[in-house]
Amino acid sequence: MDKKKSVFGKLGEVKGLGSSLTAFVGLIVIYLVFGMIDHKVFSAQNNLNLMRSMSKYVLIGIGQSYVMITGNIDLSIGSVVGMAAMISCTLMSHGVPIAAAVLVTVAASIAVGIVNGFLVGKFKLPPFIATLGTMFVTRGIAFIVNGNRNTDNIASGIGKESADAFQKFFYYGKTLGIYNTFWIALITFLIFFFLLSKTRSGRHIYAIGSNVDAARLSGVNVVMTTVKAYTVSAICSTIVGLILGAQAGMGNMDAGNMYEMYGVAAGVIGGISPLGGAGLLLGTFGGAGVWQILENGLNMIGAQIGLQRIVIGVIVVMAVLLDVVIRNGSHISRRAKKEA
Amino acid sequence: MGNVIVEMEHISKAFSGVQALNDVKLELREGEVMALLGENGAGKSTLVKILSGVYTRDAGTVRIFGKEYGDLNPTTAREAGVAIIHQELNMCRHLTVCENMFLGREIKGKFALNNAKMEEEARHYLDELGVDISPRRIVGDLPVSKQQMIEIAKALSVHAKVLIMDEPTSALTSKEIEELFRIIGRLKEQGCGIIYISHRLEELEHIADRVTIMRDGRFITTAAYKDLTMDKIIEHMVGREIKERFPRIECEKGEKIFEVKNLNAGRLVRDINFSLYKGEIVGFAGLMGAGRTETTRAIFGVDPKTGGEIWLEGKKLSISSPLDAIRAGIVLAPEDRKKDGLCTKLSIRQNIALPNLDVIGGKSGVLSRAKEDALCDQAVSELSIKTPSVEKDANTLSGGNQQKVVVGKWLVRDSKVVIFDEPTRGIDVGAKVEIYNLMNQLKKKGIAVMFVSSELPEVLGIADRIIVMCDGRITGELDARQTTQQEIMRYATMFENKLGKVEGRTEGKERG
């Protein structure tokens, strides 16, 4: 083997990099097209807004991608987002200090992740069913937390100053000219990118998604690995819940509705295989960007919400269809070669 | 003696260059049971699959009831009167007996299905067999033996006159076998011809009229059962010359390092006792389904044990998962590469690294790429895995090279016991020799090697000691240098005599 491969040669060998980069190329193309239709798309403020709102999808996408790489799915993401927003804001609106409120919220969400992980990893429930169950339960908790109504403004509990600080930290404040929300997403992304690509646990996540039997026979603890993936998903959802809480200054019972599906879309557009075992988190980042720019751009050019949905739906299906066609194409040619 | 109803002559068939059948013939008469015998891989299944239209032959003629048939497909074979009762039963478990019997040829009334008519017919054929099953029962709720009866009834309902039964008794209890034999008797009276494939030679005297023996895809002999002795049959089955040379090396047999005591895990692992010594390869021989794979899986902690102890270097181990076994120094290269051995979507590097991430990651769990590459290079060069790059997906490799990855990933760590389950299945001769050499290296290093293989010549050629299993039990232990294929085969077919016992056994319901 040639040890002195160029940097590009090495990069070319990284699996899944192609589809990740495709997502970024798509992102840029879509951005330019919308910009050409309406120059406001290119405005500084719009760019800042774009980065802030795509952050939510990046975070959701990271969580869902972790689970998808294990070959499973997490339908409870949106409900965990809602639960996190409700728990944190309920506590704060009752005067519980920010740090304590956040801590309780994180603990509650992680519990959901662990339950999901055990239901799927240990008790072998189909992930679709297991997380469908926790989806309803967590949404139910989000409703019950404040007695079936949205919370009061958090300033009414922790005071205007603290409320401001909380809202700035997660949503309205800027660091180095860019909204904090984006930095939070970026740092979270970097941490989980590192964990997934450079650590033992990360490798185990790919392994159980590729072939759970082979992974187990290679000494991988399948239950713990599944729990870890679902926990990452829950943590990411919590952060989004806090962001939504900060944005509104209060907890909304419906916060995060459908977010689990946005996560699937971001991952799939970025080349994460819904069957597990393949894909890079970098692609998810790009996929979240594509999603957000589509939404933003269609909005800017005045497309109706219905049309937006249709375009987005078509893009998701196209992304996977392309992947399937390419893969089947290579299958067919390989089979043809064999028979020849 | 009845009329000849099936004549197959000069049948040849190759699969991607491998000759599975070479000028084989088979004849079946009305009202007889023709036992088709041979080792695993002798070509029995291929031959009957040609008759039932699953495979098309490359050469030869097939005549059924005197009529010559060109290429058969499953439909034309069925129309000609051929039915096969599969080893793995092919039924929709959630549907009823009646629905299964009429699947694909439902009887329709004016508007909807005519269930009453179908049930009546189903009952008629079941009655004809003397089987008491309601056509309304859900198939999945019935024991395997009854499901088999339904398959037979289904065959009768399409007026099959040639019935092929592939290992029909393997899942049955003694009582059920007696029932099956009674039904076979009835079928004979009705003029059906039955091709009966079984490894259980002791059954033959109860039902076989004639015997056809095959070996390595060739026809060996056909004779009336009463003209043959059991020894003669075994000799015909295994009388293969050992042409290949095996690179066996001689080593000083060292101390005992591994011992399995009274291991039990389901029907196929019953009271297993054996020891492994340093500097020794122990071959595990037996027919397919003898419980060897199940034994390795129980030892390695993949499947739960119901009893027994595992000792390594004088210490009793408690193994409840593969991770426990690996930590203790026991590793397993499993039988089924695609299912248990490889993560096909991951690269070769990632596959080799997977069980060694504890070494590569150290305490922090952060993987060192340098260590990983070094380890991977070592495995690739030691086993000469042929690939343009270790970054390629594992499923791009040829079978032999895939197998080398499955084996190679274990060799870069220090193990004390290495278990190989069918390591040479489906790989080319060159790769086989490399695997043999590798086992020899381990043997030289003082590692205990457990070598499961269904290929008698290679077990004889590589192993020092041979343990033979049959039907979940160890039936013999032999010195590889002293024994013969015939002797191994005798132990491998030493089934517990299920027949002739008056009292019904209680087990057998665990399966199915």
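User: Let's begin at B:Gly472. Where does B:Gly472 lie in chain B?

Analyst: B:Gly472 sits in the loop between strand S19 (465-470) and strand S20 (473-479) of chain B. Keep in mind that this is a predicted model.

User: Is B:Gly472 buried or exposed?

Analyst: Buried means under 20% relative accessible area. B:Gly472 is at 0%, so it counts as buried.

User: Which residues does B:Gly472 touch, leaving out those up to four places away in sequence?

Analyst: B:Gly472 touches B:Arg267, B:Leu268, B:Val269, B:Arg270, B:Ile272 and B:Ala290. Take B:Ala290: it is 182 residues apart from B:Gly472 along the chain, yet their C-alpha atoms are separated by 5.5 Å.

User: What about backbone angles in that loop? What is phi for B:Asp471?

Analyst: B:Asp471 is not a glycine, but its phi is positive, about 55°. This residue is also in the loop between S19 and S20 of chain B. At 5% relative accessibility, B:Asp471 is buried too.

User: And B:His159, where is that one?

Analyst: B:His159 is in the loop between helix H5 (144-157) and strand S7 (162-166) of chain B. Its phi is near 60°, again positive in a residue other than glycine. Exposed means over 50% relative accessible area, so B:His159, with 58%, is exposed.

User: On to helices. How do I read a packed pair?

Analyst: Two packed helices are described by the angle between their axes and the distance between the axes. The crossing of H5(A) past H6(A) is right-handed.

User: Which residues of H5(A) and H6(A) meet?

Analyst: From H5(A) come A:Val112, A:Val115, A:Asn116, A:Leu119 and A:Val120, and from H6(A) come A:Pro127, A:Ala130, A:Thr131, A:Thr134 and A:Thr138. The residues of this contact divide into 6 nonpolar, 4 polar and no charged.

User: How should I look at one helix by itself?

Analyst: An α-helix has 3.6 residues a turn, so residues three or four places apart point the same way. In H5(A), the buried residues include A:Ala101, A:Thr105, A:Ser109, A:Val112 and A:Asn116. Helix H4 (77-93), H6, helix H7 (155-172) and helix H11 (222-248) of chain A are among what covers the buried residues of H5(A). Along its length, H5(A) has 25 residues and reaches 35 Å from first C-alpha to last, close to the 36 Å expected. Just after H5(A), A:Lys124 takes a positive phi of about 60°.

User: How many residues does H8(A) have?

Analyst: Helix H8 (residues 180-198) of chain A has 19 residues, and its reach of 26 Å is close to the 27 Å expected. Its buried residues include A:Thr181, A:Ala185, A:Thr188, A:Phe192 and A:Leu196.

User: And chain B: at what angle do H15(B) and H16(B) cross?

Analyst: The axes of helix H15 (residues 399-411) and helix H16 (residues 429-444) of chain B come within 10 Å and cross at roughly 15°. That makes the pair roughly parallel, and the crossing is left-handed. Among the residues that meet are B:Val407 and B:Leu411 in H15(B), with B:Ile435 and B:Leu438 in H16(B). The residues of this contact divide into 6 nonpolar, 2 polar and 2 charged.

Technical notes. Residues are numbered from 1 along each chain as its sequence is written. Chains are lettered from A and ligands numbered from 1 in the order in which they are written. This is a predicted model: local features need pLDDT of at least 70, side-chain atom pairs count only at pLDDT 80 or more; totals for chains, interfaces and linings use all residues. Side-chain values use heavy atoms; hydrogens and water are left out. Axes are lines fitted to C-alpha atoms, for helices over the stretch in contact, and angles run from 0 to 180 degrees between N-to-C directions. Helices (H or I, at least four residues) and strands (E, at least two) are DSSP runs, numbered from the N terminus. Angles under 35 degrees count as roughly parallel, over 145 as roughly antiparallel, 65 to 115 as roughly perpendicular and the rest as oblique. A crossing is left-handed if the near helix is turned anticlockwise from the far one by less than a right angle, and right-handed if clockwise. Contact means heavy atoms within 4.5 Å. Ala, Val, Leu, Ile, Met, Phe, Trp, Tyr, Cys and Pro count as nonpolar, Asp, Glu, Lys and Arg as charged, and the others, Gly among them, as polar. The expected span of a helix is 1.5 Å times one less than its number of residues. Buried means under 20% relative accessible area, exposed over 50%, partly exposed in between (1.4 Å probe, protein chains only).
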